[in-house]
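Visitor: Could you walk me through this model, please?
Guide: Gladly; have a look at it before we start.

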Amino acid sequence: MTTPPSAAAGDGTNDHLVQSTDPDHPANLIPSLCAKFWTLGWVTGTGGGASIRNDDLVYIAPSGVQKELMKPSDIYVLSLAAQQSQSLHPRQRVYLRRPPTLKPSQCTPLFLAAFTKRGAGCCIHTHSHWAVLVTLLLEAHGSAEFRINNLEQIKGFGRGPGKAGNLGYHDTLVIPVIENTAHEEDLTEFLEEAMDRYPDAYAVLVRRHGVYVWGETVHKAKTQCESLDYLFQLAVEMKQLGLAWITDIAPTVPTRSAA
Ligand SMILES: [Zn+2]
């Protein structure tokens, strides 16, 4: 990932912030990732989105754009440090670069929460069927927490920010659920509360809506999002088969010692 050049003199639009031949530049990576996510049904009908942080610069997909057709020129860019200025209203944002005909994403403050509270490098928001179905199954039981264990794919998750290693096969993956709000931006305080209550979680489910997943890097956010969607689908199908998400399985220990 390359660091964008500093603002060119006289460039009032700062378009240079989204112009790069590097496919891993955030302005190129967000459209290519969203096109892949669209094929998975994660960002259908302009819903969902993704944001990447490169040091202080935050790149965000816009609102209302068909995610599989998004272009680098559609990307918003802002300074994370500038957003934390005391003089700014919490909902006021100063963009370094904004597309002239588009609207900022309502997901923006939620992505910023992952960057400021977790130090994440990437945050992905999906409207995946499986995520929504899991929240509906939990709603039927009055639960605000998804828990699952004894599945290989759980190893795809880190133990938590600042903690070494990933979860193990027998560990329990716990993802909090927050209730949906009429306006996506209003989810922010509830997402931040859930982050405080679950300091090791890399994701928060939103009831009847979808999921927010983040990671220290784009690679980690993407693979954790994929692992989570796999587990959500498995969980829904396990429920249909009457199988429990939490099981008590004793570790199998090899009897042959290593050579
Ligand atoms: Zn959404």
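Predicted model: local features only at pLDDT ≥ 70, side-chain atom pairs only at ≥ 80, totals over all residues.

What follows is a set of questions and answers on the overall fold, the sheet, the helices and some single residues.

Visitor: How many helices and strands does the protein chain have?
Guide: Helices (H or I, at least four residues) and strands (E, at least two) are DSSP runs, numbered from the N terminus. By that rule the protein chain has six helices and nine strands.

Visitor: What is the radius of gyration of the protein chain, and what would a compact globule have?
Guide: The radius of gyration is taken over C-alpha atoms, and the globule rule is 2.2 Å times the number of residues to the power 0.38. Along its principal axes the C-alpha trace spans about 70 × 50 × 35 Å. With 259 residues, a compact globule would come near 18 Å; that agrees with the value for the protein chain, 19 Å.

Visitor: In what order do the strands of the sheet lie?
Guide: Two strands pair if DSSP finds at least two bridges between them. The sheet is open and its pairing is mixed, with nine strands in the order S4-S3-S2-S1-S5-S9-S8-S7-S6.

Visitor: Which are the edge strands?
Guide: An edge strand here pairs on one side only. Within the sheet, neighbouring strands are turned by 20 degrees against each other on average, direction ignored. The edges are strand S4 (95-97) and strand S6 (145-149).

Visitor: At what angle does helix H1 run to S1?
Guide: Axes are lines fitted to C-alpha atoms, for helices over the stretch in contact, and angles run from 0 to 180 degrees between N-to-C directions. Two residues are in contact if their C-beta atoms, placed from the backbone, lie within 7 Å. Helix H1 (residues 26-39) lies across strand S1 (49-54), strand S2 (57-60) and strand S5 (122-126), and its angle to S1 is about 155 degrees.

Visitor: And what angle does the direction of helix H3 make with that of S2?
Guide: Helix H3 (residues 108-118) packs on the sheet, where it touches S1, S2, S5 and strand S9 (210-215). Its direction and that of S2 make an angle of about 145 degrees.

Visitor: Against what do the buried residues of H1 pack?
Guide: A residue is buried if 20 or more other C-beta atoms lie within 10 Å of its own, exposed if 12 or fewer, and partly exposed in between. In H1 the buried residues include Leu-29, Ile-30, Leu-33, Cys-34 and Phe-37. Residues three or four places apart in an α-helix point the same way, because there are 3.6 residues a turn. The buried residues of H1 pack against S1, S2, S5 and helix H6 (218-240).

Visitor: Where does UniProt place the feature "binding site", and what is the largest C-alpha distance there?
Guide: UniProt positions are given in the numbering used here, feature names are shortened, and annotations may be inferred rather than shown by experiment. The unreviewed entry places this feature at His-125, His-127 and His-209. Although spread over 85 residues of sequence, they cluster in space, with a largest C-alpha distance of 10.0 Å.

Visitor: Is His-125 buried or exposed?
Guide: His-125 is found in strand S5. Not counting residues up to four places away in sequence, its contacts include Cys-107, Leu-110 and Tyr-212. Because 28 other C-beta atoms lie within 10 Å, His-125 is buried.

Visitor: Is Arg-208 buried or exposed?
Guide: Arg-208 has its place in the loop between S8 and S9. It has a positive phi of about 55 degrees although it is not a glycine. With 12 other C-beta atoms within 10 Å, Arg-208 is exposed.

Visitor: Which residue does UniProt list for "active site"?
Guide: The residue lies in the loop between S6 and S7. The unreviewed entry lists Glu-152.

Note on methods:
Residues numbered from 1 in each chain as written.
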